[in-house]
Amino acid sequence: MINGIINVYKEKGFTSHDVVAKLRGIFRQKKIGHTGTLDPDAEGVLPVCLGKATRVCDLLTDKDKEYETILLLGKTTDTQDISGTVLAESQVLCTETELGKIIDGFVGDYSQIPPMYSALKVNGKKLCDLARAGVEVERRPREVKIFSIDILEVAIPRIKMRVHCSKGTYIRTLCHDIGNLAGCGGCMESLLRTRVADFNIENAIRLSEIEAQAQIVRAGHTDREFVREDFADFIYNTDSVFMQHPQIRVREEFSRLLYNGSPLKPDWICNWNEQYKSHTLRVYDSNHAFIGIYRWEESRRDIRPMKIFMESN
């Protein structure tokens with residue numbers, strides 16, 4: 001089984017689930033998961049976790065993200081994007097300056113009502129399934145944060161924007177809300193996710209490229225299982241998500257206790273520093289294999305696991 005993270009470039013027409021299904025076929029392993037849904041019409045960065053790295057899926061889903069989007073003013077749809085049924089069309093009367101002020105007003109904390117066409121569940125049912133059945137239900141606003149919005153190009157009725165936002169932000173709802181404040185309505189015409197945490201679009205790889213590499217490796221070795229080294233150029237180590245945290249290494253004589261998930265004592269650590277008590281820590285065994293994320297617990301005077309990966313022992 002391969003462990004690691006691939007920065008996939010999801011293309012239009014694929015769901016996030018499609019990407020996972022395709023990769024399961026390519027790598028011939030079931031334990032694969034994505035880190036945040038992208039609509040079929042959207043494209044861009046979709047980190048996908050393999051093997052034991054699937055344990056970081058939720059952590060990456062919680063990270064901040066960056067998008068490039070085109071807002072189409074003067075058109076309101078039921079899905080809040082261009083693929084939906086048009087509900088209303090209006091003339092755009094706002095000036096470029098006025099639109100800029102409206103857009104700037106969304107920077108900061110933002111109470112956003114999730115769209116009906118979304119994968120969120122209400123009473124166990126997906127909102128998108130209810131919407132397709134013609135049922136609309138009340139949705140509670142969710143607090144999200146817009147860190148910045150850069151206007152890249154204005155050609156009314158279209159505005160191209162770069163949006164840096166927190167998890168849970170719906171860019172099509174942002175476009176819809178901007179259009180409402182502008183008095184003409186609006187919808188999202190296109191969406192490109194350019195960054196998730198430290199995974200950037202410049203380094204994203206398409207499914208076709210991954211499949212081509214798999215065919216090269218498999219040629220003449222049809223029965224051999226893939227190993228991580230076969231795809232070293234684009235599979236990131238699981239610990240790459242945690243490089244902001246200090247690294248500690250456990251002495252070889254305490255390996256058995258480490259592999260059993262026991263709390264760690266400072267004198268078991270090769271490079272212990274008292275300053276580490278205030279940090280989340282990356283823990284490795286004596287052979288430099290990544291074990292997991294730990295933190296100091298003052299009341300017990302030891303280092304306790306937060307999330308174990310145990311990629312090798």
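Helices (H or I, at least four residues) and strands (E, at least two) are DSSP runs, numbered from the N terminus. The structure above is a predicted model, in which local features need pLDDT of at least 70 and side-chain atom pairs count only at pLDDT 80 or more, while totals for chains, interfaces and linings use all residues. Residues are numbered from 1 along each chain as its sequence is written, and side-chain values use heavy atoms, with hydrogens and water left out.

Let us begin with the chain as a whole, which has seven helices and 18 strands and whose C-alpha atoms fill a box of roughly 75 × 55 × 40 Å along the principal axes. Of its 313 residues, 46% are buried, where buried means under 20% relative accessible area, exposed means over 50%, and partly exposed is in between (1.4 Å probe, protein chains only). Among contacts (heavy atoms within 4.5 Å) between residues at least 6 apart in sequence, 65% join residues at least 24 apart.

In soluble globular proteins, nonpolar side chains tend to be buried together. A nonpolar core is here a set of buried Ala, Val, Leu, Ile, Met, Phe, Trp, Tyr and Cys residues joined through side-chain atoms within 4.5 Å. The largest such core in this chain has 27 residues, and those with the most contacts inside it are Ile-149, Met-161, Val-163, Ile-171 and Ile-178. At least two residues of this core are supplied by each of β4 (65–73), α3 (96–104), β10 (142–155), β11 (158–165), α5 (171–182) and β12 (186–196), and the largest share, five residues, comes from α5. Leaving aside neighbours within four places in sequence, Val-163 is in contact with several residues, including Lys-65, Tyr-67, Ile-146, Ile-149, Ile-171 and Leu-174. A second, separate core has 21 residues, among them Val-20, Ile-32, Leu-50 and Ile-235.

Thr-238 is found in the loop between β14 (235–236) and β15 (247–249), and Thr-238 counts as buried because its relative accessibility is 0%. Not counting residues up to four places away in sequence, Thr-238 touches Gly-4, Ile-5, Ala-53, Val-56, Phe-290, Phe-309 and Glu-311. Glu-229, in the loop between α6 (207–218) and β14, has a relative accessibility of 59% and therefore counts as exposed. Although Glu-229 and Ile-2 are 227 residues apart in sequence, their C-alpha atoms are 9.2 Å apart in space.

Some features of the backbone also deserve a careful look. The peptide bond from Ile-156 to Pro-157 is cis, with omega near 20°, and Pro-157 lies in the loop between β10 and β11. Arg-28, in the loop between α1 (16–27) and β2 (32–34), is not a glycine, yet its phi is positive, near 60°. Arg-301 likewise has a positive phi of about 60° although it is not a glycine, and this residue is found in the loop between β17 (290–297) and β18 (302–308). Arg-28 is exposed, with a relative accessible area of 54%, while Arg-301, at 41% relative accessibility, counts as partly exposed.
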